[in-house]
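Q: I have a structure open here and would like to go through it. Can you help me read it?

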Amino acid sequence: MPDLVNSIDAMLAYWDQSRTCVFANAAYRGWFGKEGKDVVGTTMRELLGPLYELNLPHIDAAFAGKKQIFEREIPTPRGIRHALATYIPHIVHGKVVGIFVHVADVSGLKKLQQELKKSKDLAEQLATHDYLTGLPNRAMMNEVIHMAIAQSRRRDEHFAVLTIDMDNFKFINDTYGHAEGDRFLIEIARRISTVVREGDTLLRLGGDEFVLVAINTSSATDATDVAKRVLGSIGGPFSIGDSIVIPGLSIGIALYPRHGTTAEALIRASDKAMYSAKRAGKNDFAIAAP
């Protein structure tokens, strides 16, 4: 039996009422650099050191007759190990005479949990954010607008939805290739983001189309000021190969609740206004018809 217990890669021990070790298996060597026999006769405080105070609520509860199961990071000569500890009261004639302790290394499981969480977070990020610019994507658009509607109703405020479309982007893609087109899109997103106010949301719907939800925009004048800032942000030259390109945008503006009270109606109105801006000469903005 001792050989079997000592072959287990988990710390097994028994501590008496004075919190002194009566038995400990060989696994303590890997965890604390001690043989099991060296642990026998030491107190829990002596063995655990700074961990004793952290574990004390569980120790006290176990000696009060309550089984304890908890996780703890344990510093060892080999580095930090994640442990799952179990304290089981040994009760004789209704009195706790000691506790059995089982401590298993769950570092591998903890690492797997962390990797799974990272994968889950990445999957959620890819589902709701544009892979190229990192902006919220089309899947988030209705949610963002619905939140803006709810906020506007609570605070009796208005907001604006701006549909933003790049001018002549197909020419850039066809002439310089998709890699340069992607680089151009990333830069456009970065430039627009520099003038987005706190609380506003810039989304990329795909291709060369963006949407900006500008909260607390109470009038057409406020909305056109936002559009002017967006146009001003992207006006600088952009180098593609041996050429210099001056970006241009066409922007359509819809106001809540003037041009719609649902996400679908507001997007439809701002999209229609954006095409009006393109027909009027591009690199400009237009407000949806009343």
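Q: Let's start with Glu187. Which side chain does the side chain of Glu187 make a polar contact with?
A: The partner is the side chain of Arg190, at 2.8 Å. Bear in mind that this is a predicted model.

Q: Where does Glu187 lie?
A: Glu187 is part of helix 9, which covers residues 178-193.

Q: Is Glu187 buried or exposed there?
A: Glu187 counts as buried, because its relative accessibility is 18% and the cut-off for buried is under 20%.

Q: OK, zooming out. How many helices and strands does the protein have?
A: The secondary structure comes to 11 helices and 12 strands.

Q: And what is the radius of gyration of the protein?
A: The radius of gyration is 32 Å, whereas a compact globule of 290 residues would be near 19 Å. Along the principal axes, the C-alpha atoms fill a box of roughly 90 × 50 × 25 Å.

Q: How much of the protein counts as buried?
A: Of the 290 residues, 45% count as buried. The accessible surface is about 15500 Å², and carbon and sulfur atoms hold 55% of that area.

Q: Which residues does His259 touch?
A: Leaving out residues up to four places away in sequence, His259 touches Ile253, Ala254, Ala265, Leu266, Ala269, Ile287, Ala288, Ala289 and Pro290. Separately, the side chain of His259 makes a polar contact with the side chain of Arg258, at 3.4 Å.

Q: Where is Asn168, then?
A: Asn168 is in the loop between strand 6 (159-166) and helix 8 (169-176). Asn168 counts as partly exposed, with 47% relative accessibility.

Q: And what is the phi of Asn216?
A: Asn216 has a phi near 50 degrees, which is positive although Asn216 is a residue other than glycine. Its place is the loop between strand 8 (209-214) and helix 10 (220-233).

Q: How exposed is Asn216?
A: Asn216 is partly exposed, at 45% relative accessibility.

Q: Last one, Gly94. Where does Gly94 lie?
A: Gly94 lies in the loop that runs between strand 4 (79-92) and strand 5 (95-105).

Q: Is Gly94 buried or exposed?
A: Gly94 counts as exposed because its relative accessibility is 73%, and exposed means over 50%.

Q: What separates Gly94 from Gly65?
A: Their C-alpha atoms are separated by 9.1 Å, while along the chain Gly94 and Gly65 are 29 residues apart.

Note on methods: Residues numbered from 1 in each chain as written. Predicted model: local features only at pLDDT ≥ 70, side-chain atom pairs only at ≥ 80, totals over all residues. Heavy atoms only, no water. Polar contact = N/O pair within 3.5 Å; in protein donor to acceptor, adjacent residues only side chain to side chain. Contact = heavy atoms within 4.5 Å. Helix = DSSP H or I, 4+ residues; strand = E, 2+ residues; numbered from the N terminus. Rg over C-alpha atoms; globule rule 2.2 N^0.38 Å. Buried < 20%, exposed > 50% of the residue type's maximum accessible area, 1.4 Å probe, protein only. Areas by Shrake-Rupley, 256 points an atom, 1.4 Å probe, with all protein chains shown as cover.
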